[in-house]
Amino acid sequence: MGLPRPPFPLTVAGREQAQAAMYTDRLATQRYSDFAAMLAQRYRETPNVVGYEILNEPPLGNLPRRAWAIQRIVRWQARVGAAVRAIDPERAIVFMLPPRTDVRAVRLTSLERLGRIALDVHDYYAGNRQALPHHPSRRSVPGHSRQPGQLSGAGGLDRSHLGHSADRGRVGCVPGGAWVDRYQRQMVTLFQQDGINWSRWSLDRNERLGLLTRSGQPTPAAVQLGRLLRSTSQQPS
């Protein structure tokens, strides 16, 4: 007897079909919710766990980049979040929207009902040297992709990069060159002015956006960030 045929072709197109179907498949949603609830049950008493993220960078799959498709993903996250909230009423439920989504155009009512929600925003364009579509760290709206020297607003950083997103930032940029120094200086200045809690991603020695070399030594970006922190009253969260 042969193995059962997979429901989707083992191709890129099949993967995109499966990603889109996940948001409407009741059995898949129930199993994912059970998994999320299990994690909440395991960590609900752990003091240094502040929340649970539903799904990192939720893919659209083969869904079109339309409002109804984004809302479908929001509703799916709300269903999974409800399972988490039933286990842990205190910690944050962190959600994300597909890349290049304008949060101002999305209805979040189903998530807001859960209470204690947080929006995770991954947007690295401001640290890109060239900000071209093929750039490996570019994850933003094409019209917003600019070099740090081209940014406008206080300290040279465009506030629209953060203004409608969240009250907590995660900063990352690829290493090398004076443009990284400018980017970090702009970000620290803006976060301090607006009172935004933030963290610098990451401490992974193999992560190209990180602050450590493979030998565990601080990168030039880490050294510069340390100087910035010592010169200001703000500390990262």
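Mentor: With burial: buried means under 20% relative accessible area, exposed over 50%, and partly exposed in between, using a 1.4 Å probe and protein chains only. This is a predicted model, where local features need pLDDT of at least 70 and side-chain atom pairs count only at pLDDT 80 or more, while totals for chains, interfaces and linings use all residues. Residues are numbered from 1 along each chain as its sequence is written, and side-chain values use heavy atoms, leaving out hydrogens and water.

Trainee: Are Asp88 and Arg91 buried or exposed?

Mentor: Both Asp88 and Arg91 are buried.

Trainee: What makes Asp88 and Arg91 a salt bridge?

Mentor: The rule asks for a side-chain nitrogen of Lys or Arg within 4 Å of a carboxyl oxygen of Asp or Glu. The closest N and O atoms of Asp88 and Arg91 are 3.1 Å apart. The pair qualifies. The count by this rule is four salt bridges.

Trainee: How far apart are the closest atoms of Arg44 and Glu45?

Mentor: They come to 3.3 Å, and the pair forms a salt bridge. Glu45 has 62% relative accessible area, so Glu45 is exposed. Arg44 has 28%, which means partly exposed. Arg104 and Asp102 form another bridge, at 3.0 Å. Here Arg104 is exposed at 55%, and Asp102 is partly exposed at 36%.

Trainee: Now the rings. Why is the pair of Tyr32 and Phe35 called edge-to-face?

Mentor: Rings of Phe, Tyr and Trp (its six-membered ring) pair if their centres lie within 6.5 Å; planes under 30 degrees apart are stacked, over 60 edge-to-face, the rest tilted. Three aromatic pairs turn up in the whole structure. Tyr32 and Phe35 have centres 6.1 Å apart and planes at 70°, so they are edge-to-face. Both sit in helix α2 (residues 26–43), three residues apart, about one turn of the helix. Helices (H or I, at least four residues) and strands (E, at least two) are DSSP runs, numbered from the N terminus.

Trainee: Why is Phe35 called partly exposed?

Mentor: Its relative accessibility is 42%, so Phe35 falls in the middle class.

Trainee: What makes the pair of Tyr32 and Trp76 tilted?

Mentor: Its centres are 5.0 Å apart and its planes at 55°, so the pair is tilted. Tyr32 is in helix α2 and Trp76 in helix α3 (residues 67–87), so the pair ties together parts 44 residues apart in sequence. Trp76 has 0% relative accessibility and therefore counts as buried. Tyr23, Tyr32, Phe35 and Trp76 form one aromatic cluster.

Trainee: Which residues touch the most other members in the largest nonpolar core?

Mentor: A nonpolar core is a set of buried Ala, Val, Leu, Ile, Met, Phe, Trp, Tyr and Cys residues joined through side-chain atoms within 4.5 Å. In the largest, of 27 residues, they are Trp76, Leu97, Leu108 and Leu111. α2, α3 and β2 each give two or more residues to this core. α3 gives the most, eight.
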